[in-house]
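Hi,

Here is the structure I said I would pass on. Have a look at it first, then read my notes below.

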Amino acid sequence: MRHGKYPLIVTFLVPPVLLYVIFVVSPYLQAFQISTTDWLGYSADANSVGLANFKTLWNDDYVWNALKNNAILLALVPVLTIVLGLFFAAMLNMGGRKGRAGVSGVRGSSFYRTVYFFPQVLSVVIIALLWKEVYHPNKGLLTSALNSVGLGAPTWLGDPRTAFWCVLAVMIWSNVGFYVVLFGAAMSAIPKEIYEAVMLDGASRLTTLWKVTIPLLWDTVQVAWVYLAIFALDGFILVQLMTNGGPNFSTDVIGVRMYDTAFGSETKFGYASAIGVVMFFLTLTVAVLALRASKRDRIEYS
Amino acid sequence: MNRRDILRRTAAAGLLATPAAGLLTGCATGGGDDDKGDAGTYKGTKSEQNPLGVKEDAPLEVVIFNGGFGEEYAKAHEAMYTEKYPKAKINHSATQEIAKTLQPRFVDNTPPDVVNNSGANQIDFNGLVSQNAIADLGELLAAPSLDIPGKTVKDTLLPGAVEVGSYDGKFLVMNYTYTVYGIWHSTKLFTERKWEYAKTWDEHIALCKQIKAAGIAPWTYAGAHPRYMSWPVISTAIKFGGPSVATAIDNLEPNAWKSDAMKTAADAWHQIVKDKFILEGSPGLDHKQSQTAWCQGKAAFISCGSWLESEQKDVTPAGFNMTIQPTPSLGSGDKLPFEAVRGTAGEPFMVPAKAKNVAGGLEFFRVMLSKKGAQDFTKKVSSLTVVAGASEGVELPFGLNTVVKALEASGSNGFNWVYNNYYRKLERNLIDAACGEFFSGRIGPAEFLDQCQKGADSIAQDSSIKKYKRAA
């Protein structure tokens, strides 16, 4: 098959690489270049200002406030989503009571699976609007429920003390379903014999989950971790639609800061690009660290 | 390396580099060839019939913000334009994303001829003006009106229409609608309960007590956009201390936000927070939600501009009869009478400086500012225009009628401020956040003004933002 190898490689490799360079690499490079200018976005004039934008950024309290919120998201969203995802997936796949040797999910697990996956079917915009109504301080589902049992409710998205946590809850809610399905698929790939063996040895359910299932799922968890970490550094759509960073910047994230700088309250494309460059390196760092930190020896089934 | 190799490699490198380089220059800051726009501009001969020198067969491109007013009114204006210049082909489009659709075209020096730069995604005017991206409309003001004999276009406009669109004395932005800001209530509700709108602050507080006792919240506001409440506070301060309160704020003077007038006004407005006269949960509502709560009779007062009636058209109950009123006076020491109301031109239109058919753009504005064009607009979208007296003979809905009356009563006492046009970030981000804290009761009046002043100072110190000054 050596004959005609190069035409094949050229045909299948060059066009995609070219497209990738044009549409992915070159915009990145442009963003780097723009971040060193004072470009205001509506004329072709831009003066190079060196690293001045990054210096301003370093002293920008609003950027730091947004980064702090992203840091909290980064610490909480992946952990909570993965823990919940693993818990639900375990319940759906091995939480049932059927037999001693068999491993099965709780009753109606296929129904639950559909329900959990539901948020994934909806577009993020719809999720944001849906929850905005749930959090409606006068007639929202949540407020009405609390009021009906005689508890007072806060104003949710209108109060800096609660708004951030409300958005965080929606982020987890909208993500869990996907990871339930992902972990579930990985779990069903684990051979039944392993479970039979540990059960014969008298291991409890929790031990089985902790010592058998999770180690065998580690690759999948690792992928989930990286995805969720990147998601936590973004969070743009939900925040922008639900609170637009308010009240009083309590839910601001770095993505909203970038959008606001370029299209919202001012048009500083150079400065917005600098924020984008910082975001790029932060995300890259987090992804590399997450992959490194969670590296383990691969466990083979056989 | 033999010759064939070199050739092959340079060709490969060229293949890789060309599209990327083209993209760089096409998309972003690579351009800079400023004379490109001049070569293809359309110019005709000026005459009495054609004072702006429109080239009769030059095409005209119009981009409209497809928001509360829709795009039908613009199509009507375009038809009037083609009536005069039958050979001109008009290219009409409407979008809600003005900034994102037009940004690349500004960079590329191929902007449309007329832009209705409005809505949440409008382009920040400070950015446009500081980059000289907008054409000077001075010629338009001096041109004779299209159908009001003996008057120049400038003579036909309501007071304040030119000032709002002027930057450092140059008229750049044609704000087409005339907006009045005030406090709204339902005439039906007030007649039923035998309440009467209060003219002084003490009476207002007494009325609020009465309303609250009747089981209705006196006030509500948009917690997601709390800047709506900065309007009555600043209005109260201006009526108390005179229009110089506003010029100081607009010119970013030190401690403008902490003037005595602003302090007195903030102290007064703090009363409605302290006495819990605001509908519970308001800090968590957005503008539509709060306006709807008000339309449902859950609250008696709301602060908004004269667009409120058409924005709420779908949810307003029949016979609700909304009425606009000026902010209450603080007392007999006020510099402006109770009737003084904030009126300003809104809904900005511009002709980009690099547009191909600048003369056609200005002529299009002349059509819009004709009596026929203005009346047609008012009929179609129920909003006033900056053309004085153009609403005469047009049947207006109830709320807009009260706006016209309020405007007449206010007369020459009308006032306005423009810091929100000069420095969008100051109102949209910083004052907004401060208002949110203040009206939800988390901070007091002193802290509120401190926070506003801090925001204004941060703009004043930011050397990357162009500063404007206006005379009193």
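Let's start with a question: leaving aside its neighbours within four places in sequence, which residues is A:T37 in contact with? Before the answer, one thing to keep in mind is that this is a predicted model.

The residues you were looking for are A:A46, A:N47, A:S48, A:V49, A:N53 and A:G270. To find A:T37 on your screen, go to chain A and look in the loop between α1 (5–34) and α2 (52–58). Is A:T37 buried or exposed? Its relative accessible area is 4%, and buried means under 20%, so A:T37 counts as buried. Its side chain also reaches back to the backbone oxygen of A:I34, at 2.7 Å.

Now hop over to chain B and find B:Q96. You'll see this residue in the loop between β2 (90–95) and α4 (98–107). B:Q96 has a relative accessibility of 49%, so it counts as partly exposed; the cut-off for exposed is over 50%. If you skip the neighbours within four places in sequence, B:Q96 is in contact with B:F65, B:N66 and B:N121.

Now zoom out to chain B as a whole. How many helices and strands does chain B have? There are 20 helices and 10 strands. The radius of gyration of chain B is 25 Å, close to the 23 Å that the globule rule gives for 472 residues, so chain B is as compact as a globular protein of that length. Along the principal axes, its C-alpha atoms fill a box of roughly 95 × 60 × 40 Å.

Chain B exposes about 19600 Å², and carbon and sulfur atoms supply 51% of that. If you take the contacts in chain B with a separation of 6 or more, 75% of them come from residues 24 or more positions apart.

Last, the charges: chain B carries 51 positive and 52 negative side chains. The centres of these two sets lie 4 Å apart.

Happy exploring!

Terms used:
Residues are numbered from 1 along each chain as its sequence is written. Chains are lettered from A and ligands numbered from 1 in the order in which they are written. This is a predicted model: local features need pLDDT of at least 70, side-chain atom pairs count only at pLDDT 80 or more; totals for chains, interfaces and linings use all residues. Side-chain values use heavy atoms; hydrogens and water are left out. Helices (H or I, at least four residues) and strands (E, at least two) are DSSP runs, numbered from the N terminus. The radius of gyration is taken over C-alpha atoms; the globule rule is 2.2 Å times the number of residues to the power 0.38. Contact means heavy atoms within 4.5 Å. Accessible areas come from the Shrake-Rupley method with a 1.4 Å probe; for residues, only the protein chains shown count as cover. Lys and Arg count as positive and Asp and Glu as negative; His and the chain ends are not counted. The place of a charge is taken as NZ of Lys, CZ of Arg, CG of Asp or CD of Glu. Buried means under 20% relative accessible area, exposed over 50%, partly exposed in between (1.4 Å probe, protein chains only). A polar contact is a pair of N or O atoms within 3.5 Å; within protein, one must be able to donate a hydrogen and the other to accept it, and residues adjacent in sequence count only if both atoms are side-chain atoms.
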